[in-house]
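Here is a short briefing on one protein chain. Keep the 3D view open as you read, and find each element as it comes up.

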Amino acid sequence: MAILPHQKCSLRSLEYVPTWHRPCQSMHVICSVSTSTQTKPRSSSPNQLIIEPRLVASPPLFNDPTLQSTWAHRGWVATGCTTVLVSLAKSMVAAAFSHVWIEPMLAGYVGYILADLGSGVYHWGIDNYGDASTPIFGSQIDAFQGHHKWPWTITRRQFANNLHALAKAITFTVLPLDIFCNDASINGFVSVCAGCIMFSQQFHAWAHGTKSKLPPLVVALQDAGVLVSRSQHAAHHRPPYNNNYCIVSGVWNEFLDKQKVFEVLEMVLFFKLGVRPRSWSEPNSEWTEEAETPSQVAAR
Ligand SMILES: [Zn+2]
Ligand SMILES: [Zn+2]
């Protein structure tokens, strides 16, 4: 088959090479043919097959170090849990002193409901804006891009590895309240909301789990809508890749998607700041899921 003038073929797009997993040393072949007369060819041969090495990201291997928990990860999860538990204990002590339990319990329930909304807004933001070089959020953005390409890897990520980034943010947010706030309702709200946000990545991992391999209690909570369901989150990983962002209980997903809340926010940001969300682009190889190979399935 003849190669047409100006035809370029690339085995994979070259624009994005995620850094959340260190790329392996694989070769990327680019075949390029040009007969342009406007620029002088770099070599004496105008129709030249260019083969150049390229670093290409690949999914983490089974027992990949990037999926393992370190002592630093465990330390941050421990401090995050401690700050949340201190806030919960202060709420219970204040409620016991005042003999008013209903308000802190209602505040905790509101915290659980709003944590789902918060997880959706945050997930939508990092799915659609910025890249690996974005300050503060760069590693999370990169990790979520990798997650869209290889969703199954979240089930192999160890517990503290999966939670440590959110646990660090929760530690710094909740610690001042632990020190300075003694209000039963505020602590009731903060402890439940912060706890749900910190564990949202675990709920997310369970949403990717196989029903037969999940603990029966987790399956029961998913089926009851207490935790985000596997079917609801599976829709997030299917075209058009712009819905079901909430990953605590998923209770907000239907409302947010039906009312097109994120689509309106995307329009506002586009017209105010000129930034386009990733979800407006045609799904490409960086966004869509790569199928698991038989050897990867066997390694589960
Ligand atoms: Zn996502
Ligand atoms: Zn997911």
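Predicted model: local features only at pLDDT ≥ 70, side-chain atom pairs only at ≥ 80, totals over all residues.

**Why the buried positions repeat**
- An α-helix has 3.6 residues a turn, so residues three or four places apart point the same way.

**Helix α1 from end to end**
- Helix α1 has 28 residues.
- From its first C-alpha to its last, α1 reaches 40 Å.
- That is close to the 40 Å expected at 1.5 Å a residue.
- H99 follows α1, and its phi is positive, near 60°.

**Helix α1 against helix α4**
- Helix α1 covers residues 71-98, and helix α4 covers residues 159-180.
- Their axes lie 7 Å apart, at an angle of about 40°.
- The two helices are therefore oblique to each other.
- α1 passes α4 in a left-handed crossing.
- On the α1 side, the contact includes H73, W76, V77, G80, T83, V84 and S87.
- On the α4 side, the residues include L163, A167, I170, V174 and L177.
- By class, this contact has eleven nonpolar, eight polar and three charged residues.

**Helix α2 against helix α5**
- Helix α2 (residues 102-128) packs with helix α5 (residues 184-207).
- The angle here is about 30°, and the axes are 7 Å apart.
- α2 passes α5 in a right-handed crossing.
- Among the α2 residues in the contact are M105, G108, V110, G111, L114, A115 and G118.
- Among the α5 residues are G188, F189, V192, C193, C196 and I197.
- This contact has 14 nonpolar, seven polar and one charged residues.

**The whole chain**
- The chain's secondary structure comes to ten helices and two strands.
- The chain has 300 residues, and 30% of them count as buried.
- How many of the contacts between residues at least 6 apart in sequence join residues at least 24 apart? The share is 73%.

Notes:
Residues numbered from 1 in each chain as written. Chains lettered and ligands numbered in written order. Helix = DSSP H or I, 4+ residues; strand = E, 2+ residues; numbered from the N terminus. Buried ≥ 20, exposed ≤ 12 C-beta atoms within 10 Å, placed from the backbone. Contact = placed C-beta atoms within 7 Å. Axes fitted to C-alpha atoms, helices over the stretch in contact; angles between N-to-C directions. Left-handed = near helix turned anticlockwise from the far one by under 90°. Nonpolar A, V, L, I, M, F, W, Y, C, P; charged D, E, K, R; others polar. Parallel < 35°, antiparallel > 145°, perpendicular 65-115°, else oblique. Expected span 1.5 Å × (residues − 1).
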